[in-house]
Amino acid sequence: MALHIYNTLTRKKERFVSQEPGKAKVYVCGPTVYGYIHIGNARPAIFFDVVRSYLEALEYDVNFVVNFTDVDDKLIRKADEMGTTVPTVAETFIKAYYEDLEGLGIPRATANPRVTENMTLIIDFIKELERRGYAYEQGGDVFYRTGKFEEYGKLSHQNIEELQFGIRINVDERKENPQDFVLWKAAKPGEIYWSSPWGDGRPGWHIECSAMARELLGDTLDIHGGGQDLQFPHHECEVAQSEAVTGKPLANYWMHNGFINISGEKMSKSLGNGVLVKDLRNMYKREAIRYFMLSSHYRNPLNFTEETMEQAEKSVERIANAVVNLNHRLQAVGDTGSEVSPELAAKLAAIRQLFHDKMQDDFNTPDAITAVFEWVNEVNCLLSQAVVSSADLIAAKQVFDEMNKVLRIYTAESAELPSEDIERLITERAEARKNKNWARADEIRDLLDAEGILLEDTPQGMRWRRK
C-alpha cells in the first residue's frame, strides 16, 4: 500500500507523490506569538509532527517549515498592555512556544522563519504582484485584486460572489471589490513600521506565508498544512498571491485538522474556556496529551474533557507497563541466541502491517493506535510464558519501537523510577524476606502500596510498577 492523503483542494484521497523522489517539502502555518499557545494550537503541532515522523519513517528527507507571525495588530496591542516593544513580546512567547513544544515531545522544525526577518522578501513579493496587476495602492495601504485571480475560492470551495465580507465587517470604501484583502498596512502613529515603496507600514497576514514558503521551499510545496480555521481566508489568500506570481500550484496536497471542543463547547475567548498548553503539561503527562490528540482522526473534531484525559492517561500507562515488563524480562533473560518463533514472527508482522496500512490511509492515527494495543496484548501473552527467548523479546521490542518512533506515546521517562526512599524500602523488604521477617516485608509492601507502587514477585526476580 502507498501513502494516501485527503487533499482539501480536491476533496478526495490521493496517492502521495512528492515532486522529488525521497524528499518532501512541508509547510505548516505556525503561531502568532502574542501569548502562550492553547490546546487548539497543540493539535496541529502534534499531528503534523506525526506526519513529519511518518514521512521520515518512509525514508523521506523532510524539509519541515513552521513560521512565526511576530508582528501584527495582536502583538502591537500586547506590547501596549505589557508596556514593552513588539520584538520583546515576540521573543517572550517564541521562547514559551519552544518550551511547550519540548514539553509535548515535538522536535523543532527544519526552519522557523519570522516575518520581521523577511521584510525585504515580503515587500519584493508585493511589488511583483503590483507589477503583474494583482495589487493596487490606496492611501498607503496595498490591496490584492481578487477579481483578477479567476480561481479565487477554489481551496475553500466558495464562490467569490457568495463571500459576504460586508455582513461581518464594514467594507473599506477604498477597495475596488469587497473581497479584496490587504497586502501592506500603512503604519498608525506610534506603531512599529518598516519602510516600503508605499510608505511606512507592515505586511498583511496572508502575504507573509506566501513569501517565506516560496523562499524556503520553492514555488510549489508538497504539503501545506494547518488548522481548519485557516482554510479561509488565510490559505485561500495564500493561493491567490502565490499562484498569481508563479503560475504554479502553491501546494500539491492541502491538509487541515479539525477543531477542538472543550467539554462539548467550541473553544472561544468569549466563553473563557481555553486551555493553555503550559497548564495542560502541568496536569498530564506528555504521552497522555499526545495520545489524546491522536485518538481521533485529524480531520474530525476532538472533544477535550477531564474524562477523556483520564482515559488517555490509563491507556498510555497500559502501554508503558507492557514496555517496562518486556524490558525487565529481556534484561533477566539475557542473550539466549535463539531464533524468533515462526508463530510470533507472523503475529508481529501482522501488527506492523496493520500499523502501516492505517498510517498510509490518510494518517489514520486512532486505528494505528489499535495496532499498538494489539502489540500490548501479544506482549502480555508472551510474558505470561514461563520460558521466553531473547530473540522473541527483541523482535517484539523492535516492532514497538518502530510504531512509537512515529507516535511517541511512550518514553522511558514516562515509566517513572522510584525515589531513593522507595529504592531503600525495596532493598529493605528484600532483606526482610531473606531473613524470613515476613511481618516487616508485608509492612513495607503496604507502605509502598500507599505510595502507589505495586511490587510483583516474578520468576526473574522482584519488580515494581506504579499503579
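Visitor: Why are α11 and α12 called roughly antiparallel to each other?

Guide: In this predicted model, local features need pLDDT of at least 70 and side-chain atom pairs count only at pLDDT 80 or more, while totals for chains, interfaces and linings use all residues. Residues are numbered from 1 along each chain as its sequence is written, and side-chain values use heavy atoms, with hydrogens and water left out. Now, the axes of helix α11 (residues 342-360) and α12 cross at roughly 165° and come within 7 Å. Angles under 35 degrees count as roughly parallel, over 145 as roughly antiparallel, 65 to 115 as roughly perpendicular and the rest as oblique. At roughly 165°, α11 and α12 are therefore roughly antiparallel.

Visitor: What makes the contact between α11 and α12?

Guide: On the α11 side you'll find L344, K347, L348, I351, L354, F355, K358 and M359, and on the α12 side T365, D367, A368, A371, E374, W375, E378 and L382. Contact here means heavy atoms within 4.5 Å. By class, that is 10 nonpolar, 1 polar and 5 charged residues. (Ala, Val, Leu, Ile, Met, Phe, Trp, Tyr, Cys and Pro count as nonpolar, Asp, Glu, Lys and Arg as charged, and the others, Gly among them, as polar.)

Visitor: Which hand does the crossing of α11 and α12 have?

Guide: Left-handed. That label applies if the near helix is turned anticlockwise from the far one by less than a right angle, and clockwise makes it right-handed.

Visitor: Why is α10 called oblique to α12?

Guide: α10 and helix α12 (residues 365-383) pack at about 40°, with their axes 10 Å apart. That angle makes α10 oblique to α12. This crossing is left-handed. S315, R318, I319, A322, V323, N325, L326 and R329 of α10 meet α12 residues including F373, W375 and V376. The contact divides into 10 nonpolar, 4 polar and 2 charged residues.

Visitor: And why are α9 and α10 roughly perpendicular to each other?

Guide: Helix α9 (residues 286-294) and helix α10 (residues 306-333) have axes that cross at roughly 110° and come within 8 Å. With that angle, α9 and α10 are therefore roughly perpendicular. The crossing of α9 and α10 is right-handed. E287, A288, I289, Y291 and F292 in α9 touch α10 residues including T308, M309 and A312.

Visitor: Which residues line the largest cavity?

Guide: F125, S210, A213, R214, G218, D219, S242, T246 and L250. They split into 3 nonpolar, 4 polar and 2 charged. α6 (205-217) and α7 (231-246) each supply at least two lining residues, and α6 has the largest share, 3 residues.

Visitor: What is the peptide bond from F232 to P233?

Guide: It's cis, with omega near 10°. P233 lies in helix α7.

Visitor: What phi does H157 have?

Guide: A positive phi of about 60°, although H157 is not a glycine. H157 sits in the loop between β6 (141-144) and α5 (165-168). Helices here are DSSP runs of H or I with at least four residues, strands are E runs of at least two, and numbering starts from the N terminus.

Note on methods: Axes fitted to C-alpha atoms, helices over the stretch in contact; angles between N-to-C directions. 1 Å grid on protein atoms, 1.4 Å probe; cavity = no way out; pocket = protein on both sides within 12 Å on 5 of 7 lines; lining within 4 Å.
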